[in-house]
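Welcome! Take a look at the structure below, and then we will walk through a few of its residues together.

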Amino acid sequence: MSITYSTCRGGEVSTSQVTSKRLPWTKDVDTKGFARGGTLVVVLGESGGKVVCSVTVDDDASRTSTASGAFATATCSGF
């Protein structure tokens with residue numbers, strides 16, 4: 001399994017990748033400044049399964065995506 005996400009700090013956007021984590025996986029990020037275009041991508045391995053990604057910014061509605069199967073990919077973006 002692979003998890004890739006972007007964050008914005010001080011106007012700089014960076015991308016991080018986490019591999020071989022157990023699910024469920026969560027991460028809280030505190031940022032300052034405003035930048036749109038954040039992305040969270042979760043890709044399962046060959047054995048597949050079901051994956052759901054969800055991103056909530058402040059108190060806004062969550063961005064959610066679901067996928068299933070071998071190498072299933074769920075993508076949440078535009079936050």
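C53 is in contact (heavy atoms within 4.5 Å) with L40, V42, R63, T64, S65, A74, T75 and C76, leaving aside its neighbours within four places in sequence. This is a predicted model, where local features need pLDDT of at least 70, side-chain atom pairs count only at pLDDT 80 or more, and totals for chains, interfaces and linings use all residues. Residues are numbered from 1 along each chain as its sequence is written, and side-chain values use heavy atoms, with hydrogens and water left out.

**The core**
- C53 also belongs to the largest nonpolar core, a group of 14 residues in which I3, L40, V42, V51 and C53 touch the most other members.
- A nonpolar core is a set of buried (under 20% relative accessible area, 1.4 Å probe, protein chains only) Ala, Val, Leu, Ile, Met, Phe, Trp, Tyr and Cys residues joined through side-chain atoms within 4.5 Å.
- At least two residues of this core come from each of β1 (2-9), β3, β4 (50-55) and β6 (73-77); the strands are DSSP runs of E, at least two residues, numbered from the N terminus.
- β4 gives the largest share, three residues.

**Loop residues**
- L23 sits in the loop between β2 (12-19) and β3 (39-43), and its contacts beyond four places in sequence are M1 and L44.
- The C-alpha atoms of L23 and T64 are 16 Å apart.
- D58, in the loop between β4 and β5 (63-68), has a positive phi of about 50° although it is not a glycine.
- F71, in the loop between β5 and β6, is not a glycine either, yet has a positive phi of about 55°.

Methods
Helices (H or I, at least four residues) and strands (E, at least two) are DSSP runs, numbered from the N terminus. Buried means under 20% relative accessible area, exposed over 50%, partly exposed in between (1.4 Å probe, protein chains only).
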